[in-house]
Amino acid sequence: MKVLRVKNINDCFESTNVRDAIVDSPISSNFIDYMGKLGKLIYETSLERPYFKVIVRAKYTIKGSQGNKTIRMMFPENAGDMYVREIINYIDGYRKN
């Protein structure tokens, strides 16, 4: 999996420091399990499009839907780009099984 680009999101109700990572292939259940290793994984598979959220306490929250190519990243208001780089490096390290 490769992050193609990251864009700032200005109209998110949940947080003021939000970015979307656009990836090169659809999110799979294996990828969601991989992302879950970062923190607390909430994975709702009963929906038409399974949804996931990974909470890394005091750092960030990552969420998305299986089959999509967008991963939303929410950070504390005072967080810099350090956490963005950490997530991108982790995503780029994923290898499909």
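I began with phenylalanine 31 and tyrosine 94 in this predicted model, and I found both of them buried.

Next I asked how many aromatic pairs the structure holds. I got 6. For phenylalanine 31 and tyrosine 94 I noted ring centres 5.1 Å apart and planes at 80°. Edge-to-face pairs have planes over 60 degrees apart, so this pair is edge-to-face. I then looked up where the two partners sit: phenylalanine 31 is in helix α1 (residues 29–36), while tyrosine 94 is in the segment after α2. They are 63 residues apart, so I wrote the pair down as a link between distant parts of the chain.

I also checked tyrosine 60 with phenylalanine 75, an edge-to-face pair with 6.2 Å from centre to centre and 70° between the planes. Tyrosine 60 belongs to strand β5 (residues 60–65) and phenylalanine 75 to strand β6 (residues 70–75), so their pair ties together parts 15 residues apart in sequence. Are these two buried or exposed? Tyrosine 60 comes out buried at 3% relative accessibility, and phenylalanine 75 is buried at 4%.

Back at phenylalanine 31, I looked for a cluster: Phe31, Tyr34, Tyr90 and Tyr94 form one aromatic cluster.

My last stop was aspartate 92, which lies in helix α2 (residues 82–92). Its relative accessible area is 18%; buried means under 20%, so aspartate 92 counts as buried. Which residues does aspartate 92 touch, leaving out those up to four places away in sequence? I listed Met1, Lys2 and Val3.

Terms used:
Residues numbered from 1 in each chain as written. Predicted model: local features only at pLDDT ≥ 70, side-chain atom pairs only at ≥ 80, totals over all residues. Heavy atoms only, no water. Helix = DSSP H or I, 4+ residues; strand = E, 2+ residues; numbered from the N terminus. Buried < 20%, exposed > 50% of the residue type's maximum accessible area, 1.4 Å probe, protein only. Contact = heavy atoms within 4.5 Å. Phe/Tyr/Trp six-rings, centres within 6.5 Å; stacked < 30°, edge-to-face > 60°.
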